Amino acid sequence: MRKILLILSLTVAFSAFGQQPKQQWVTIKSANLKCWECKDKLEKYLIQANKSTMESGLIQWKINLLQGEIKVQFWPDRADASLIKAALNNAGFDADDDKAEPEAYAKLPPICKRAEDGGGPKPPKPCHIPPVQ
C-alpha cells in the first residue's frame, strides 16, 4: 500500500512539474535608454512593477546601454511582452514603437530624454558608465 501511495504521489508531482510554462525572453529597443542614470531609474521601476502588477513574472533583465535595448526573461503565465512594454512606457521609456507615457517621460532627467529632445550621450563624455566618485 505504501508503494502505491508513493508512486501515486510521485506521478502527481511530476505531472504538476511538467505543466509549468517555460521561461521566455523578449528583447525591447528603447530610444531613450542610453545612460547609467536611465538604467537605475528603469530597474527601480521594474522591481516595483514586478512585485505589484506582474505577480513576480519577471525573472531577470539585462540592459545594454550601447544598443539601447533591454532583454527580459519572464514567466508567460504571469507577464507577456505587451505588459513589459507597458511597464517601460509607464516608467518614461519608449518600448519598440510604443512611445513613453508623457507624464512619466517629463519626470525623467534631461540626459534620459530622446536624442531629438536633447537627451542621450554628449561628446566627448559617454554616459553609459557611472561616474567615478
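## Disulfide

Cys38 and Cys112 are joined in a disulfide, with 2.5 Å between their sulfur atoms. The model is a predicted one, and it holds 1 disulfide. The S-S torsion of Cys38 and Cys112 is about -120 degrees, so the bond is classed as left-handed.

Cys38 counts as buried because its relative accessibility is 0%. Cys112 also has 0% relative accessibility and therefore counts as buried.

## Cys35

Cys35 takes part in no disulfide. The nearest cysteine sulfur to Cys35 is that of Cys38, 3.0 Å away.

Cys35 is located in the loop between strand 1 and helix 2. With a relative accessible area of 1%, Cys35 is buried. Cys127 is 92 residues from Cys35 along the chain, and the C-alpha atoms of the two are separated by 4.8 Å.

## Nonpolar core

The largest nonpolar core has 28 residues. Those that touch the most other members are Leu33, Leu42, Leu46, Leu58, Ile70, Ile84 and Leu88. At least two residues of this core come from each of strand 1 (24–29), helix 2, strand 2 (58–64), strand 3 (69–74) and helix 3 (81–91). In soluble globular proteins, nonpolar side chains tend to be buried together.

Ile70 is one of the core members listed above. Leaving aside residues up to four places away in sequence, the contacts of Ile70 include Leu33, Leu42, Leu46 and Leu88, which are also in that list. Further contacts of Ile70 are Val26, Thr27, Ile28, Trp61, Lys62 and Ile63.

## Glu69

Glu69 lies in strand 3, an element that spans residues 69–74. Its relative accessibility is 13%, so Glu69 counts as buried; the cut-off for that class is under 20%.

Not counting residues up to four places away in sequence, Glu69 touches Thr27, Ile28, Lys29, Leu33, Lys62, Ile63 and Asn64. Among these, Thr27, Ile28, Leu33, Lys62 and Ile63 are also touched by Ile70.

Terms used
Residues are numbered from 1 along each chain as its sequence is written. This is a predicted model: local features need pLDDT of at least 70, side-chain atom pairs count only at pLDDT 80 or more; totals for chains, interfaces and linings use all residues. Side-chain values use heavy atoms; hydrogens and water are left out. A disulfide is a pair of cysteine sulfur atoms within 2.5 Å. Buried means under 20% relative accessible area, exposed over 50%, partly exposed in between (1.4 Å probe, protein chains only). A nonpolar core is a set of buried Ala, Val, Leu, Ile, Met, Phe, Trp, Tyr and Cys residues joined through side-chain atoms within 4.5 Å. Helices (H or I, at least four residues) and strands (E, at least two) are DSSP runs, numbered from the N terminus. Contact means heavy atoms within 4.5 Å.
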